[in-house]
Amino acid sequence: MYSLLRSVALLFALFTAITFAVHPVEVRGQNFVDTVTNKRLMIIGVDYQPGGQAGYKPDSREDPLSNGTICLRDAALLQRLGVNTIRVYNVDPTINHDECASIFNGVGIYMIIDVNSPLGGESINRADPAGSYHVGYLSRIFGVVENFKGYPNTLGFFAANEVINDMATVKDNPQYIRAVQRDLKNYIAKHADRNIPVGYSAADVRDVLKDTWAYLECAIDGDDDDQSRADFFGLNSYSWCGADATFQTAGYDVLVDTFKDSTIPVFFSEYGCNKPEGVPRPFNEALSLYGEDMTALSGGLVYEYSQEESDYGLVLINENATVTLRKDYDNLESQYNKLDLNLLQEADPTATSRNPSECSEDLLSDAFDKNFTIPSPPDGAEDLINNGIDNPVQGKLVEVRETNVPMAAYGSTGVQIQNLAINLLSNDGTNTPGGDATSPSGTTAAPSPSSTNGGAPSRLKGRCSILIAVFAMVLILL
Ligand SMILES: *[C@@H]1O[C@H](CO)[C@@H](O)[C@H](O)[C@H]1NC(C)=O
Ligand SMILES: *[C@@H]1O[C@H](CO)[C@@H](O)[C@H](O)[C@H]1NC(C)=O
Ligand SMILES: *[C@@H]1O[C@H](CO)[C@@H](O)[C@H](O)[C@H]1NC(C)=O
C-alpha cells in the first residue's frame with residue numbers, strides 16, 4: 001500500500017513537473033551545473049534591458065519583466081536566436097513578475113538578476129560605500145531575492161556591477177562588495193529553498209580585473225563556508241573589436257591564463273564590442289568563447305537585446321511595439337549555430353571540485369585593497385536577515401496560456417516573420433542554438449518556429465523520457 005501511494009505520488013510529481021521547463025542550476029567549483037542532469041551549463045546569453053535605465057520605472061510600476069505580452073514577444077525572438085540565459089539589470093521588487101518569469105522559464109531561458117538600480121539608495125555608491133550600505137538598501141535587495149527566489153530559472157543574483165572601475169575605487173569598495181554578497185547569501189540561506197548563487201559583474205578595466213577577481217574569489221581564513229565570497233565572477237568584456245580581431249589580439253589568451261584555475265565560474269557578463277561604428281557586429285568572438293580554447297570560462301551574455309542610445313542592439317523595438325531584427329541578430333544566430341553543443345556540456349571533472357584559495361595579500365598587486373576585514377552588517381540588518389523583510393512580494397510560476405506573439409516582428413531585410421510564437425519546452429529543456437536547421441532571418445523569409453527552434457529536439461527527448469517513465473510507473477503499479 002505504501003509503495004502504491006509512493007508510486008502515485010511520484011506519478012503526480014512527474015505530471016506537475018511538466019510545466020517546469022528548467023532545472024535549477026548550482027555552482028560546483030568552476031562550473032555552473034544543472035542539478036538534475038549534472039551537465040555543465042555554459043551561458044549562451046543576452047543582456048535584456050529594453051528602454052535602458054529608463055526601462056525601470058518604479059513610479060508606473062514597470063520594469064523589463066513587468067509586461068507579459070512584451071516578454072512573450074522577446075522570449076520568442078530570444079528562443080529562436082538560441083540563448084539560454086538573460087541578464088536583467090534593474091527590477092522593481094514590489095511588483096509581480098510571474099508572467100514574464102514563467103514565459104522565460106517555459107522556453108528554457110534562465111535569468112540572472114541584478115539586485116541594484118541606478119536610483120539613489122538602491123546600490124552601493126563607489127564614492128561613499130560606507131554611507132550607502134544601510135538597512136534601507138539591504139531591504140531593497142532582499143526584496144529582489146524574495147521576488148525571484150521562487151522561480152526555478154533564476155540562475156543567480158549580481159550583488160554589484162562595476163563598482164570598482166579604476167585605480168581610485170580599489171580602496172574600501174571591495175570590502176563592501178563582499179559585505180553585500182555575505183548579506184545576500186545569508187538571506188538566501190534563511191529564506192530560499194535552494195542555494196541561489198550570488199556574484200559580481202566587473203568592469204572591463206584590465207588594471208583592476210585580476211585583483212578584483214582574486215579579492216572576491218578567495219575564502220577568508222580558508223573557510224569554505226565564508227559567505228562573503230563570490231559564487232561567480234562576471235566580466236564585462238569589450239576587447240574583441242571588428243572582423244579582424246583574434247584570440248590573441250583581443251587578449252582573450254590573457255583572460256584564459258588569468259582565470260583558468262578559478263575556483264568559481266567566470267563568464268562574460270557583457271560582451272560585443274561595437275567598433276568600428278555603424279558596422280554590424282560579426283561576433284567572431286563567440287566561436288572563441290565557446291571553443292576549445294576557452295572552456296575554462298562559462299560562456300557569456302551579449303550586450304544587448306534592444307537598440308538603445310549606446311548602439312549595441314540585436315533588435316530594434318519600434319514605437320508600435322513591433323520588433324525589427326538587426327543584422328547583428330542574424331550574425332550572432334549564425335555563429336551560435338556553429339557551436340559544438342556537446343563540447344559545451346562536458347564538464348572537466350577536476351574543475352567542479354576545486355577548493356577556494358585562501359585570501360592573502362600575496363594574491364593582490366600593491367595598489368589593491370588588502371583589507372579582508374569585512375564590514376559588519378548595518379544596524380537593523382540582522383533582524384531583516386533572521387526574520388525576513390516586511391510584506392515581501394514573492395513570485396511563483398504560473399501557467400503560460402498564450403504562445404502566439406500578437407505583434408509583428410520583421411527580419412533584418414524587412415520580411416515579416418510568420419507565425420512567431422514561443423515553443424514551450426518539457427521539463428528537461430534548456431534552450432539551445434538551432435544547429436544547421438536554422439537559416440539567418442535576414443536572408444530568407446523566416447521559417448516557422450516549429451521547424452527551426454533549437455529547443456525542439458530536447459523537447460522531444462523530454463516527452464519520450466516522460467512517456468517511458470509513465471510506462472514504468474504503470475508497470476510498477478500493476
Ligand atoms: C504591455 O505592452 C503592450 C505593448 O506595448 C501594451 O499594448 C499593453 O497595454 C501593455 N500591458 C500592460 C498591462 O501594460
Ligand atoms: C510598426 O512600425 C514599424 C516601424 O515604424 C513599421 O515598419 C510597421 O509597419 C508598423 N507595423 C504596424 C503593424 O503598425
Ligand atoms: C579594514 O576594514 C575595517 C572595516 O571593514 C576597518 O574597520 C579597519 O580599520 C580597516 N583596516 C585598515 C588597516 O584599514
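In the predicted model, ligand 2 is surrounded by Asn318, Asn320, Thr322 and Tyr410, where a surrounding residue has a heavy atom within 4 Å of the molecule. Two polar contacts (pairs of N or O atoms within 3.5 Å; within protein, one must be able to donate a hydrogen and the other to accept it, and residues adjacent in sequence count only if both atoms are side-chain atoms) are described here. An oxygen atom of ligand 2 lies 2.3 Å from a polar side-chain atom of Asn320. A nitrogen atom of the ligand is 3.3 Å from an N or O atom in the Tyr410 side chain. On its own, ligand 2 has 360 Å² of accessible area, of which the protein covers 36%. Accessible areas follow the Shrake-Rupley method with a 1.4 Å probe; for residues, only the protein chains shown count as cover. The shell of ligand 2 comprises 1 nonpolar, 3 polar and no charged residues. In this classification Ala, Val, Leu, Ile, Met, Phe, Trp, Tyr, Cys and Pro are nonpolar, Asp, Glu, Lys and Arg are charged, and the others, Gly among them, are polar.

This is a predicted model, in which local features need pLDDT of at least 70 and side-chain atom pairs count only at pLDDT 80 or more, while totals for chains, interfaces and linings use all residues. Residues are numbered from 1 along each chain as its sequence is written, chains are lettered from A and ligands numbered from 1 in the order in which they are written, and side-chain values use heavy atoms, with hydrogens and water left out.

Ligand 1 has Asn67, Ile70 and Ala321 around it. One of its oxygen atoms is 2.3 Å from an N or O atom in the side chain of Asn67. The protein buries 32% of the 360 Å² that ligand 1 exposes when taken alone.

The residues around ligand 3 are Gln175, Asn371, Thr373, Ile374 and Pro375. A polar side-chain atom of Asn371 is 2.3 Å from an oxygen atom of the ligand. Backbone atoms also take part: a polar one of Thr373 lies 2.7 Å from a ligand oxygen, and a polar one of Pro375 lies 3.5 Å from a ligand oxygen. The protein covers 34% of the 360 Å² of accessible area that ligand 3 has on its own. Its shell holds 2 nonpolar, 3 polar and no charged residues.

Gln175 belongs to helix α6 (residues 173-191). Helices are DSSP runs of H or I with at least four residues, numbered from the N terminus. Gln175 counts as buried because its relative accessibility is 8%; buried means under 20% relative accessible area, exposed over 50%, partly exposed in between (1.4 Å probe, protein chains only). A polar atom of its side chain lies 3.1 Å from the backbone oxygen of Thr373. Beyond four places in sequence, Gln175 is in contact (heavy atoms within 4.5 Å) with Tyr215, Asp369, Asn371, Thr373, Ile374 and Pro375.

Asp183 also lies in α6. It counts as buried because its relative accessibility is 0%. Its C-alpha atom is 9.6 Å from that of Ser376, 193 residues apart along the chain.

Helix α10 (residues 327-336) has 8 of its 10 residues buried, Tyr336 among them. Tyr336 is also among the residues with the most contacts inside the largest nonpolar core, of 111 residues. Such a core is a set of buried Ala, Val, Leu, Ile, Met, Phe, Trp, Tyr and Cys residues joined through side-chain atoms within 4.5 Å.

Note on methods: Helices (H or I, at least four residues) and strands (E, at least two) are DSSP runs, numbered from the N terminus.
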